[in-house]
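Please look over the structure below before reading on.

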Amino acid sequence: MYENPRLLLDSSNPPEPGQIVWRSPSNLAIIKYWGKHGVQLPRNPSLSFTLSASCTDTALAYEFREDADNRIDLTFLFHGEENDAFKAKTLAYLESLLPQFPFLKQLKLKIQTGNSFPHSAGIASSASAMSALALCLCSLEDALFGTLPDPEGFDRKASWLARLGSGSACRSIFPHAAVWGVTSSVPGSSDEYAVPAGELMHPTFKDFHDDILIVSTREKSVSSRAGHALMEGNPYAEPRYIQAKTRLEQLLGALRRGDLEEFGKIAEDEALTLHALMMCSNPSYMLLEPGTVALIQKIRAWRADTKHPVYFSLDAGPNIHLLYPGDIVAEVRGWIEEDLKEHCVDGWFIQDWVGEGPEEM
Ligand code: PMV
């Protein structure tokens with residue numbers, strides 16, 4: 001278990017008010033985390049690319065509270081407006097941290113947060129949102145107690161804290177790529193937090209694009225939380241967890257060698273496996289839309305015609321992540337405009353790419 005000191009402020013020497021701001025990106029899992037146990041512990045290791053354009057900015061302002069009681073004093077604004085649902089979620093998360101962060105009760109907290117993409121885009125924002133908040137909490141701890149001076153320890157703790165909010169968020173902390181979950185292929189890997197994996201990749205993958213083709217902006221019919229839970233009764237769960245471990249090893253080899261073909265095969269298999277697991281859950285459900293399937297067929301056909309290394313992935317939703325190396329960006333963008341945009345809501349797609357990870361603003 002990750003050790004955390006129980007930190008309390010000395011009321012005879014209260015801290016000055018302050019504010020911390022972090023920008024943190026979303027991430028796209030190439031090897032998917034699907035199935036969990038305990039407090040957001042993964043059933044299998046996963047590997048993701050850290051994105052760049054799809055991100056959350058979070059500002060955490062704090063001041064000492066003379067009248068501290070047992071509740072957390074939180075003001076919460078999302079894109080400048082009150083949002084009861086997001087506030088309740090954030091409050092529940094902060095309350096769950098109180099046994100280890102009792103000082104949160106000693107402060108008046110104000111969180112102002114917002115995404116670079118519209119909330120209703122059907123794009124999971126929990127990874128960017130929870131990682132941004134976790135980073136703010138680590139900076140807050142360091143500002144108040146000076147306990148996280150070493151960058152590696154800081155990132156590890158931020159990743160651990162992000163995981164407690166939303167499993168996949170723990171991978172957003174690191175530049176380029178991250179591995180979360182114990183695997184013998186990555187020394188130091190853990191189920192409790194992610195570790196950086198950018199250095200394990202050929203430079204080609206650090207210059208990868210991930211354009212997100214928005215097929216639908218409707219809210220998912222089944223949440224990720226419910227989807228993870230349905231893995232418990234899924235007849236394919238055990239073989240799936242074994243498969244994910246093997247595929248991660250294969251993927252690490254492909255990433256190291258810069259083997260685009262092997263990478264693409266694994267990425268697409270993983271995306272389809274995730275959705276196959278949903279379709280054979282009990283009850284069964286499907287998040288793919290007709291536009292998703294049309295796009296997959298077009299991607300395969302264009303790849304066969306042009307021999308360009310373009311591949312797709314999917315998150316827990318109908319939107320396509322189009323993955324390709326930076327040297328063919330002009331051709332791919334032309335093709336999106338000409339042939340793929342017609343399947344996107346209002347022709348909308350987000351240009352994203354493998355990025356440098358979060359930044360303190
Ligand atoms: O972090 P959660 O609980 O929202 O689960 C995310 C699961 C997937 O996005 C489908 C896969 C992954 O590894 O990110």
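In which helix does Lys 206 lie? Lys 206 belongs to helix 4, residues 203-206. Helices here are DSSP runs of H or I with at least four residues, strands are runs of E with at least two, and both are numbered from the N terminus.

This is a predicted model: local features need pLDDT of at least 70, side-chain atom pairs count only at pLDDT 80 or more, and totals for chains, interfaces and linings use all residues. Residues are numbered from 1 along each chain as its sequence is written, and side-chain values use heavy atoms, with hydrogens and water left out.

**Around Lys 206**

Lys 206 counts as partly exposed, because its relative accessibility is 25%. The scale runs as follows: buried is under 20% relative accessible area, exposed is over 50%, and partly exposed is in between (1.4 Å probe, protein chains only). The side chain of Lys 206 forms a salt bridge with that of Glu 199, at 3.4 Å from N to O. A salt bridge needs a side-chain nitrogen of Lys or Arg within 4 Å of a carboxyl oxygen of Asp or Glu. Neighbours within four places in sequence aside, Lys 206 touches His 176, Gly 198, Glu 199, Met 201 and Val 354. Contact here means heavy atoms within 4.5 Å. His 228 is 22 residues from Lys 206 along the chain, and their C-alpha atoms are 30 Å apart.

**Two domains**

The protein chain splits into domain 1 (18-200) and domain 2 (203-350). These bounds come from an automatic or database domain assignment. The domain centres, taken over C-alpha atoms, are 24 Å apart. Domain 1 gives 32 residues to the contact, and domain 2 gives 42. About 3100 Å² is buried between domain 1 and domain 2, with 69% of it from carbon and sulfur atoms. Buried area is the accessible area (1.4 Å probe) that two parts lose on being put together, summed over both. Ile 31, Lys 32 and Trp 34 supply 26% of what domain 1 buries against domain 2, more than any other three residues. Two salt bridges are counted between the domains.

**Helix 8**

Helix 8 covers residues 290-306, 17 residues in all. From first C-alpha to last, helix 8 reaches 24 Å, close to the 24 Å expected at 1.5 Å a residue. Which residues of helix 8 are buried? They are Gly 291, Thr 292, Leu 295, Ile 296, Ile 299 and Trp 302. An α-helix has 3.6 residues a turn, so residues three or four places apart point the same way. Exposed Pro 290, Gln 297 and Asp 305 sit on the face of helix 8 turned away from its buried side. The buried residues pack against strand 10 (208-213), helix 7 (260-279), strand 11 (311-314), strand 12 (320-325) and helix 9 (329-340).

**Backbone details**

Pro 283 is in the loop between helix 7 and helix 8. Lys 307 follows helix 8, and its phi is positive, near 65 degrees.

| Residue | Phi | Relative accessibility |
|---|---|---|
| His 79 | about 50 degrees | 46%, partly exposed |
| Asp 346 | about 50 degrees | 79%, exposed |

His 79 is in the loop between strand 5 (73-78) and strand 6 (81-82). Asp 346 is in the loop between helix 9 and strand 13 (349-350).

Note on methods
Expected span 1.5 Å × (residues − 1).
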